Amino acid sequence: MFSLDPQVDGCRMLLAGGILAAALGRPALVPPAWLHTRVAPDTVPPGSARLRPARVRLAGDTIVVLSTPPDGAQRVVARLWRHIDRVGRGAGAVFRETQRYEYDGGDVELDTLEMSARSLALRHIAERSTHTQNVLDVARGRMRGVVTPTDTSMASVDIAAPPAFHDMALEAFIGTLPLDPGGSVAVPIIRPPSTDVRIVVLDVATAPDTLPTAQGPVVCLVVHRRGRDVTTWIARTDGHIVRMRWSSPDGSVTWKLPARDSAFVAGQEGY
C-alpha cells in the first residue's frame with residue numbers, strides 16, 4: 001500500500017489556505033501560482049514507460065555540502081565523491097552508483113546503489129557508516145538483507161520487493177523522471193532502515209532558471225519537493241543535478257553542489 005508523506009498532506013492544506021510560511025519557517029509569502037494546481041500527479045514507479053534511462057549520466061564528481069546556521073558563517077560540513085557506471089549486458093545490466101561521504105566530524109559513509117539499466121528497478125543497496133549498516137538485495141520478487149533501525153540493533157529483512165526507488169535515486173537519477181516545465185510527478189520511494197513505501201511529489205516550475213557554473217551558464221529546470229523546503233536545479237539538456245538547496249527546522253540553509261561551483265553560492269542563503 002502506498003501512503004502519502006504527512007508533510008505532503010500538510011503542505012496541501014497550507015496552500016489551500018494561502019499560507020506557505022508555516023511550512024517553510026519564513027515570513028508569510030504568497031505561494032507561486034504554478035503550485036495551486038499541483039494536487040494529484042500520476043505515480044511513476046520503476047518500470048514505467050515514462051522513465052528516461054537513456055539520460056543517466058555515467059560520470060564521477062566531487063561534491064561539497066555547505067551549510068549556513070542562522071547565527072553563523074557558511075562552512076563545508078561534508079564532502080562527497082560520487083561515480084556512476086553501467087555494469088553488465090542485456091537484461092542483467094545495472095546502473096551502479098558508488099559514493100563516499102566524509103563529514104567534518106570525521107564520520108565516513110559508503111553507499112552503493114544498483115538499479116536495472118532497463119527498468120530502473122532497485123537491485124541492490126548498501127549503506128555503511130560508523131554506526132549503521134543497511135544492505136538489501138532484490139531478486140525474484142523478494143527483498144532480503146539487514147537494516148539497522150537504531151545504532152545498537154540489526155534486523156533481518158525478507159519481504160515482497162516494494163515497487164519503489166531508493167531515496168538516493170532522487171539525486172543522481174532524478175533526470176530519468178518525466179520532469180517537464182509546469183508538470184508534477186509522484187515517485188514511490190523507500191529509505192532504509194524503513195522499507196515502507198512513501199510517495200514524494202516533485203513539482204517543476206513553469207519557467208527555467210539559468211545558473212552560473214565553472215563550465216559556463218546552465219539552463220535548468222527548477223524542481224520543488226512538495227511539502228518540504230527542498231529545491232533542485234537540473235540541467236534542461238541532460239537532467240544532471242547542478243545544485244540542491246534546502247532549509248532545516250533550526251533555520252540553517254544547506255547547499256549541495258559540485259566542488260568546482262562552490263564559489264557561486266559562497267555566503268548565499270537563498271537563490
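1. Asp-209 stands opposite Cys-220 in S14. Here strands are DSSP E runs of at least two residues and helices are H or I runs of at least four, numbered from the N terminus. Two strands pair if DSSP finds at least two bridges between them. S13 and S14 run antiparallel and are joined by three bridges. They form a hairpin with six residues between the strands. In that turn, Gly-216 has a positive phi of about 105°.

2. Basis of the values. This is a predicted model, in which local features need pLDDT of at least 70 and side-chain atom pairs count only at pLDDT 80 or more, while totals for chains, interfaces and linings use all residues. Residues are numbered from 1 along each chain as its sequence is written, and side-chain values use heavy atoms, with hydrogens and water left out.

3. Overall content. The protein has two helices and 17 strands. Of its 271 residues, 45% are buried. Buried means under 20% relative accessible area, exposed means over 50%, and partly exposed lies in between (1.4 Å probe, protein chains only). The accessible surface comes to about 13200 Å². Carbon and sulfur atoms hold 54% of that surface. Areas come from the Shrake-Rupley method with a 1.4 Å probe; for residues, only the protein chains shown count as cover. Among contacts (heavy atoms within 4.5 Å) with a separation of 6 or more, 44% join residues 24 or more positions apart.

4. Strand S14. S14 spans residues 218-225 and is mostly covered, with six of its eight residues buried. S14 also pairs with S12, antiparallel, over three bridges. Leu-221 stands opposite Ile-234 in S15, and His-224 stands opposite Thr-231. The S14 and S15 hairpin has four residues between the strands. Gly-227 in its turn has a positive phi of about 90°.

5. Strand S15. Six of the six residues of S15 are buried. In a regular strand the side chains alternate between the two faces of the sheet. Val-230, Thr-232 and Ile-234 point one way from S15. Thr-231, Trp-233 and Ala-235 point the other way. S15 is joined to S16 (residues 241-247) by five bridges, and the two strands run antiparallel. Ile-234 stands opposite Ile-241 in S16. Five residues separate the strands of this hairpin, and Gly-239 takes a positive phi near 80°.

6. Nonpolar cores. A nonpolar core is a set of buried Ala, Val, Leu, Ile, Met, Phe, Trp, Tyr and Cys residues joined through side-chain atoms within 4.5 Å. The largest has 40 residues. Phe-173, Leu-177, Leu-179, Val-187 and Leu-202 have the most contacts inside it. Leu-177 touches Leu-51, Arg-52, Leu-170, Val-187 and Leu-202, not counting residues up to four places away in sequence. A second, separate core of 14 residues includes Leu-211, Val-218, Val-242 and Val-265.

7. Aromatic pairs. Rings of Phe, Tyr and Trp (its six-membered ring) pair if their centres lie within 6.5 Å; planes under 30 degrees apart count as stacked, over 60 as edge-to-face and the rest as tilted. The count comes to three aromatic pairs. Phe-95 and Phe-173 have ring centres 6.3 Å apart and planes at 45°, so this pair is tilted. Phe-95 sits in strand S4 (residues 94-103), while Phe-173 sits in the loop between S10 (165-166) and S11 (184-191), 78 residues apart. Both Phe-95 and Phe-173 are buried. Trp-233 and Trp-255 have ring centres 5.9 Å apart and planes at 20°, so this pair is stacked. Trp-233 lies in S15 (residues 230-235) and Trp-255 in S17 (residues 253-258), so the pair ties together parts 22 residues apart in sequence. Trp-233 and Trp-255 are both buried.

8. Pro-208. This residue lies in the loop between S12 (194-204) and S13 (209-211). Pro-208 counts as partly exposed because its relative accessibility is 44%. Not counting residues up to four places away in sequence, Pro-208 touches Val-219, Cys-220 and Arg-236. Pro-208 and Gly-182 are 26 residues apart in sequence and 9.9 Å apart in space, C-alpha to C-alpha.

9. Ile-159. This residue is in strand S9 (residues 153-160). Ile-159 counts as partly exposed because its relative accessibility is 28%. Ile-159 touches Gly-141, Arg-142, Met-143 and Thr-195, not counting residues up to four places away in sequence.
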